[in-house]
Amino acid sequence: MVIDMKRRKIACFGLILLLVFSLLSPATARATAGSTHNTGSWPDGPKVSAEGAIVMEASTGLVLYEKNMDKAFYPASITKILTALIAIENSSMSEIVTFSKNAIFDVDLDSSRIGIDVGEQLTMQQCLYAILLESANEVTYAVAEHVGGTIENFAKMMNERAKSIGVKNTNFTNPHGLPDSNHYTTAYDMALITREAMKNETFRKIFATRTYQIPPTNIQKETRYLRNHHRFVLRQEYRYDDCIGGKTGYTSQAKFTLVSVAKRGDLELLCVIMKDDSTAHQYTDTKALFDYGFDNFSIYPINELENPGMLEASPMFTRFNPLLSKTESPIITDENGYLVLPNSASFEDAVKNISFSPAPEDKEGNNIIGKISYTYMGKYVGGANILLNNVEKLTLETKKLNIDNPTKDPKDASGSKPIGHLYPIVLGIIGGIFILILGLYYIFVERPRLKRRRAYYKKRANRRMHNDEFRDL
């Protein structure tokens, strides 16, 4: 009996929550930061000599500039960005990699190498520095063998991981990027791969390293000194002080390829150059594209823009509602959500959409209950998860309505406009919910209790009558 009562109470509370969130459905929670259609302008980008190029904003994936971004090119050694990511995800940094004969002799002896011998051993961490700084092909081969068992199987792992990121026009046949007619990618796909890799802290650290030392090994008695090939990272000859990582590539077929990452404040940009005609141009092109991105676009933390007023479109989230108030509601936006716009546009020019649907918890254990997203000129320019930050805050305690003083400025703390015309609707909804709660309580709790009570008294009366008849006999 006690279990049945608990089940009824849980069902009652579930129905109440269902009603609350049904009022917050996408149909009622759609809103715009400005108008529903925007006709702004997009900044003109620079001319570059590379045949393919892209600038992508890291947090949103927004493409700020592109030139033939979906055209397939040979990537050369920028392939190693994905190789390094897969190695990091599938091994520990202390694992020992032993170099096979194939690792030493099955790659071009005239290509980038650091002079490893057959049977020599390095840690995985040392291998990753050799791959990303010195672009060492024999090390790349050995790591692929160590992680994948065979080069063919590792290439399969590369393609599967690339597809999980969202690439569509890429096929990898080897881990190092040495010439193969079936080994190709695009500027857009490489930007996606780099964006994914930069989410990994180990990768970010190695990617930004200028120099590294490999101490004597089981075969080599001298220390090996490694130096990053990327001139922006090395800060020699060509400079870009905001650059925080990069990878070079070159073959006679691919020409010059270059991946670079730069960060200024919260704005992190990824630049990919494909098939450039010279070392000089790959850096001058990259500098021009970074300058274009930083000079023409700004990034805004969504939680600062929207809280506490992001749910103004729903009457459930106003200061007049004692259940879920703006100022004390446990519903917040993820602090890692950003909005990117051209400097010529304002926040009001972005079209906002709020949708509610349950999702798994985030890394901090917050419950994701929806998403807020923005578009500008038809492009997705940012978004953030909507979180139920602390379930314990969601109580049914009534707070005093802040409408006692009629002379008070009708604007609330968030600066929103008066919404007096919504008072009847808001109060009606609150009253309806209160009545519904009482009704559900009566149906699932009080009525069964009364029914059990009547049955108990009826049974008691029957026993008394039976005992009286027995005494009469």
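This is a short talk through the fold of one protein, from the overall make-up down to a few single residues.

Okay, hi everyone. Before anything else, please keep in mind that what you see above is a predicted model. The overall numbers come first. The chain has 473 residues, and 45% of them count as buried. In terms of secondary structure, we have 13 helices and 15 strands. And if you take the contacts with a separation of 6 or more, 65% of them are between residues 24 or more positions apart.

Now, the sheet. Five strands make up an open sheet, and reading across you get S2-S1-S9-S8-S7, with antiparallel pairing. Which strands stand at the edges? Those are S2, residues 63-67, and S7, residues 243-251; each has a single partner strand, so one side of each has no neighbour in the sheet. Going from one strand to the next, the twist averages 5°.

Let's zoom in on one pair here. S1, residues 52-57, is joined to S2 by four bridges, and the two run antiparallel.

H11, residues 279-296, lies across S1, S2, S7, S8 and S9. Relative to S9, H11 runs at about 150°.

Next, two other strand pairs. S5, residues 211-214, and S6, residues 224-227, run antiparallel and are joined by four bridges. Across from Leu-226, over in S5, stands Tyr-212.

The other pair is S10 with S12. S10 covers residues 297-301, S12 covers 338-342, and they pair antiparallel over five bridges. S10 has a covered face with Phe-297, Ile-299 and Pro-301, while Ser-298 and Tyr-300 are on the uncovered one. Phe-297 has Pro-342 as its bridge partner in S12.

On to helix packing. H3, residues 80-89, and H8, residues 187-197, have axes that come within 10 Å and cross at roughly 35°. That crossing is left-handed. What makes the contact? From H3 it's Ile-81, Leu-82 and Leu-85, and from H8 it's Met-190, Ile-193, Thr-194, Glu-196 and Ala-197. Sort those residues and you get six nonpolar, one polar and one charged.

Stay in that area, please, for Arg-161. This residue is in helix H7, which spans 151-165. Is Arg-161 buried or exposed? Its relative accessible area is 18%, and the cut-off for buried is under 20%, so Arg-161 counts as buried. Leaving out residues up to four places away in sequence, Arg-161 touches Leu-82, Leu-85, Ile-86, Glu-89 and Glu-196. With one of them, Glu-89, there is a side chain to side chain polar contact at 2.9 Å.

Last stop: Ile-332, in strand S11, residues 331-333. Here the relative accessibility is 24%, so Ile-332 goes down as partly exposed. How many residues separate Ile-332 from Asn-385 in sequence? The answer is 53, and in space their C-alpha atoms are 8.6 Å apart.

Methods. Residues are numbered from 1 along each chain as its sequence is written. This is a predicted model: local features need pLDDT of at least 70, side-chain atom pairs count only at pLDDT 80 or more; totals for chains, interfaces and linings use all residues. Side-chain values use heavy atoms; hydrogens and water are left out. Buried means under 20% relative accessible area, exposed over 50%, partly exposed in between (1.4 Å probe, protein chains only). A polar contact is a pair of N or O atoms within 3.5 Å; within protein, one must be able to donate a hydrogen and the other to accept it, and residues adjacent in sequence count only if both atoms are side-chain atoms. Contact means heavy atoms within 4.5 Å. Two strands pair if DSSP finds at least two bridges between them. Axes are lines fitted to C-alpha atoms, for helices over the stretch in contact, and angles run from 0 to 180 degrees between N-to-C directions. A crossing is left-handed if the near helix is turned anticlockwise from the far one by less than a right angle, and right-handed if clockwise. Ala, Val, Leu, Ile, Met, Phe, Trp, Tyr, Cys and Pro count as nonpolar, Asp, Glu, Lys and Arg as charged, and the others, Gly among them, as polar.
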